[in-house]
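Me: I have a chain to look over and a few questions about it. Take a look, then let's go through them briskly.

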Amino acid sequence: MAQKTIAVLTSGGDAPGMNAAVRAVVRSGINRNMRVFGIYRGFNGLLNGDIEEMNLRSVSDIIGNGGTMLYTARSEEFKQKEAQERAADFCRSKGIEGVVVIGGDGSFRGARALTAAGINCIGVPGTIDNDIACSEYTVGFDTAINTAIDMVDRIRDTAQSHDRCSIVEVMGRRCGDIALQTGIAAGATAILIPEVEYNTERDVIARIVNTQKTGKKHFVIVVAEGVGHVGDLAKYIEQRLGIEARATILGHVQRGGSPTVRDRVVASQMGYEAVSLLDQGLGNRVVVMRDGKITDLDINEALDMERVFDDKLYKVAMSVSI
Ligand code: F6P
């Protein structure tokens with residue numbers, strides 16, 4: 001049988017563990033006697049011819065590195081049909097029959113478009129937000145929440161020393177998973193996330209006052225980026241309750257750093273699975289985690305799914321941080 005040629009790219013916001021996924025694709029591909037190309041800077045690499053053939057050593061010593069060795073981009077140009085056709089032609093000119101696309105749901109839409117243009121694509125969920133409906137887990141989330149808790153623990157030390165309220169904004173525009181899990185782990189007095197409508201008096205002020213009554217003197221409030229306004233909230237708490245308050249936006253620190261074991265392992269499993277699907281001649285699929293197992297779904301089905309918010313976890317958060 002003729003030797004298959006595949007490629008791999010990372011797209012959208014980088015996430016710790018993307019390198020582990022790239023490594024798994026390159027090595028599993030070569031193990032299956034495939035040629036494997038790395039595509040640089042997301043879909044832009046296909047438009048600019050920015051690719052390089054990988055060998056086993058091209059991905060040595062990257063499993064523990066944050067960021068992505070292939071660089072990444074959010075390609076506006078690739079949203080145009082003409083660009084998608086051009087990218088597919090470029091793949092054909094290099095003999096590339098399949099591409100593994102590591103990124104979020106925007107990247108999966110790109111993968112769907114490239115498959116429609118004739119090049120089989122397989123998506124691998126990589127984003128710190130954990131906001132992909134079809135998968136219980138996205139590569140990068142575990143590292144991000146561990147970074148966030150490390151930062152919030154430090155902030156708590158100083159909040160405690162000064163009897164202050166610290167309001168911490170974590171990443172997540174549409175998805176509150178980072179805030180919810182960090183908030184639970186930090187024992188936050190209040191957690192504000194985009195999935196749950198909030199009322200400042202009821203969900204922040206009353207919760208602080210109730211804990212004050214039982215002797216608490218310092219408070220941590222975790223707020224998702226999608227809720228925002230942490231500076232205003234700090235001012236409001238100061239005026240309303242007379243407690244000193246400080247706001248901190250953690251920002252991109254959450255996107256960097258050496259991936260945790262979980263991210264390295266899941267990324268390796270997902271990268272391996274993606275290559276196995278391409279080897280079977282399949283495209284337009286995404287590798288996902290469901291019921292704790294690695295499996296795959298059709299991209300259209302995956303993109304149509306709605307995220308199911310974990311109400312129970314939210315209830316736990318509200319019940320234990322009192
Ligand atoms: O999707 C990952 C993410 O880090 C979000 O949490 C955040 O809203 C966004 O990317 C930030 O994007 P950028 O790095 O382009 O500012």
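Me: How many residue pairs are in polar contact between domain 1 and domain 2?
Reply: This is a predicted model, and side-chain atom pairs count only at pLDDT 80 or more. Both residues of each polar pair between domain 1 and domain 2 meet that pLDDT level. The count is seven residue pairs.

Me: Which residue forms a salt bridge with Asp14?
Reply: Between domain 1 and domain 2 the count is two salt bridges. For Asp14, the closest N and O atoms of its salt bridge are 2.7 Å apart. The cut-off is 4 Å. The partner is Arg255.

Me: What area is buried between domain 1 and domain 2?
Reply: The domain assignment gives 5-140 + 259-304 as domain 1 and 143-255 as domain 2. In contact are 13 residues of domain 1 and twelve of domain 2. Carbon and sulfur atoms give 45% of the buried area. That area is about 1,000 Å².

Me: How far apart are the centres of domain 1 and domain 2?
Reply: Take the centres over C-alpha atoms. The separation is 35 Å.

Me: Is Ser28 buried or exposed?
Reply: Ser28 lies in helix α1, residues 18-31. Leaving out residues up to four places away in sequence, Ser28 touches Tyr272 and Val275. Its relative accessibility is 8%, and the cut-off for buried is under 20%. Therefore Ser28 counts as buried.

Methods: Residues are numbered from 1 along each chain as its sequence is written. This is a predicted model: local features need pLDDT of at least 70, side-chain atom pairs count only at pLDDT 80 or more; totals for chains, interfaces and linings use all residues. Side-chain values use heavy atoms; hydrogens and water are left out. Helices (H or I, at least four residues) and strands (E, at least two) are DSSP runs, numbered from the N terminus. Buried means under 20% relative accessible area, exposed over 50%, partly exposed in between (1.4 Å probe, protein chains only). Contact means heavy atoms within 4.5 Å. Domain bounds come from an automatic or database domain assignment. Buried area is the accessible area (1.4 Å probe) that two parts lose on being put together, summed over both. A salt bridge is a side-chain nitrogen of Lys or Arg within 4 Å of a carboxyl oxygen of Asp or Glu. A polar contact is a pair of N or O atoms within 3.5 Å; within protein, one must be able to donate a hydrogen and the other to accept it, and residues adjacent in sequence count only if both atoms are side-chain atoms.
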